[in-house]
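Hi,

Here is the structure I promised to pass on. Have a look at it first, and then read my notes below.

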Amino acid sequence: MQFHEKLKRLRTHKGISQTKLAESIYVSRSAVAKWENGLGLPSEQSLKLLAEFFGVTPAELFSDPTTETVIVAKNKKISYQKVWIVVLIAFGLVAVCAAIVLTVLYAKTGRDGYGVFTRKLIFETERGSETHSLQNYGDDEISVEMEFAESRTFEVSYGTGSVTLPGLLVKTTKNGEVAYESVDYRNIAITYSEEVLARVVEHGVEVLTADYYSSECVGWANIKYGDLLLSIKIERHKLPVQSVEIKTDDGSDVIGVGQKKLLCIGVIPYDAPYRNVEIAVEKIVRPDGTEYLGELSAYAIVEDYYLKVSAAVLAGSRIYVSATVMPNGVKSADLVLEVVRIPAESFSLRLENLANYVKTGESAYLTLIVRPANASFNVLGETANLTLLTPDLAILRRDEHGRYLITVTDNNAVGKSISVRVEVDGIEKVFSWKIVV
């Protein structure tokens, strides 16, 4: 298998285009195309880069192990030839320039002759201007290395997914006299890179992105009319952030005292690029309308997209939070969250070890469980109101750690029950246990 066959097989197996391979080894797409068509061989440096890219040795790219040596020698010889070619071209350019100057001078004397004559393919928008780039490639060569003037660069819109190019003209210059003629679009030929599609429509040329839904792309196209060629660049850029929205993950506008809540950020358009988001607590207003002063982070702070509220913030206060997208600096409207007390929904009072009785002459600890777990009662570490309804049978007290302890004092109360009333957040319940020996 020859070098050009191996190269094409390796590239297609890897699933990449000639353009992508060219970018990876720092050459033009046309160079890769020439290698794959068997019209040229890579330099020593390009050979090494190709081998590294495909994970093989340079020798494995050739059927003959000595080919690499031959290629290196050939490329060196080509380099020497290029030097002589440059020298000869330089002399040729000097001669051409001299001929042009003589021709112009000859034309200005009024003698008969053809003078200076040029023909160019241009856009109507370039008429009367020489600011556009005149650098063109062959109709079978599209290069990303080419520089494009503003008049030769076009952007595909999001609304239509395409761009219609300005009308085309042939500009003819002879002895300083300029004339323009329209083109016959039936004789237009277009070649383009894989990122875009180009086609002739009625009295014009239209360019689209190959993937209509692509958020961004860069492509190139050559428009050929007879022996005239015009190269263009096609771009589609991601839309910048236009607006930002901040809200809670559950969509509510309340947060409990001492609680934390996840904040969500949304941008329009949804795929607009941004580097990071800065979320800030703008202010905190008490129920009476006055603001909390000093360092607000002592009362509310945002960490990892969670808004955390201190227990020091009064219920009924309002927290104002905003989000700013960087680097655009687009800021959201304030999200206003009311700080509320999360009430207890239910609770239970249990004896230790989940027993349903109390022995005479013994003591047992009581455990109060309040639901939900994020109820303000739990978060703030509040104390429930417990009342012993049978003081003649037992004693209810709290130890040095704040735990409730019940002790049976009547040894003759076997078979009777101890009752305790509990009040939490305005809810009252009575719990009872049998007294046993």
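Let me start with a phenylalanine: at 2% relative accessibility, Phe347 counts as buried (buried means under 20% relative accessible area, exposed over 50%, and partly exposed in between, with a 1.4 Å probe and protein chains only). Phe431 is buried too, with 14% relative accessibility.

Before going on, a word on what you are looking at. This is a predicted model, in which local features need pLDDT of at least 70 and side-chain atom pairs count only at pLDDT 80 or more, while totals for chains, interfaces and linings use all residues. Residues are numbered from 1 along each chain as its sequence is written, and side-chain values use heavy atoms, with hydrogens and water left out.

**The chain as a whole**

The secondary structure comes to six helices and 27 strands (both are DSSP runs numbered from the N terminus, helices being H or I with at least four residues and strands E with at least two). Of the 437 residues, 37% count as buried. If you take the contacts with a separation of 6 or more, 59% of them are between residues 24 or more positions apart (a contact means heavy atoms within 4.5 Å). The chain exposes about 25400 Å², and carbon and sulfur atoms supply 52% of that area (Shrake-Rupley method, 1.4 Å probe; for residues, only the protein chains shown count as cover).

**Rings**

There are five aromatic pairs in the structure. Rings of Phe, Tyr and Trp (its six-membered ring) pair if their centres lie within 6.5 Å; planes under 30 degrees apart count as stacked, over 60 as edge-to-face and the rest as tilted. One of the pairs is Tyr212 with Tyr213: the ring centres are 5.1 Å apart and the planes stand at 85°, so this pair is edge-to-face. Tyr212 is partly exposed, at 41% relative accessibility, and Tyr213 is exposed, at 74%.

Back to the two phenylalanines, Phe347 and Phe431. Their ring centres are 6.3 Å apart with the planes at 50°, so the pair is tilted. It links distant parts of the chain, since Phe347 is in strand S20 (residues 346-351) and Phe431 is in strand S27 (residues 427-436), 84 residues apart.

Lys260 lies over the face of Tyr306, at 4.9 Å from the ring centre. Over the ring of Tyr292 sits the charged end of Arg286, 4.1 Å from the centre.

**The four-stranded sheet**

What is the order of the strands in the open sheet of four? It runs S11-S13-S16-S15, with antiparallel pairing (two strands pair if DSSP finds at least two bridges between them). Strand S11 (243-248) and S15 are the edge strands, each pairing on one side only. On average, neighbouring strands here are turned by 30° against each other, direction ignored (axes are lines fitted to C-alpha atoms, for helices over the stretch in contact, and angles run from 0 to 180 degrees between N-to-C directions).

Strand S16 (residues 306-309) is worth a click. Leu307 and Val309 make up its covered face, whereas Tyr306 and Lys308 are on the uncovered one. Three bridges join S16 to strand S13 (residues 260-268), and the two run antiparallel. Across that pairing, Leu262 has Tyr306 as its bridge partner, and Lys261 stands opposite Leu307. S16 also pairs with strand S15 (residues 300-303), in the antiparallel sense over four bridges, with Ala300 opposite Val309. S15 and S16 form a hairpin with two residues between them, and Asp304 in the turn has a positive phi of about 50°.

**The three-stranded sheet**

Another open sheet has three strands in the order S1-S4-S5, again with antiparallel pairing. Strand S1 (117-123) and strand S5 (177-182) are at the edges with a single partner strand each, so one side of each has no neighbour in the sheet. Neighbouring strands are turned by 25° against each other on average, direction ignored. Strand S4 (residues 168-174) pairs with S5 over six bridges, and Thr172 has Ala179 in S5 as its bridge partner.

**The tail end**

Finally, Val437 lies in the segment after S27 and is exposed, with 75% relative accessibility. Not counting residues up to four places away in sequence, Val437 touches Lys359, Thr360 and Val414. Its C-alpha atom is separated by 9.8 Å from that of Glu362, 75 residues apart along the chain.

Cheers

Key: A charge sits over a ring if NZ of Lys or CZ of Arg is within 6 Å of the ring centre and within 35 degrees of the ring normal.
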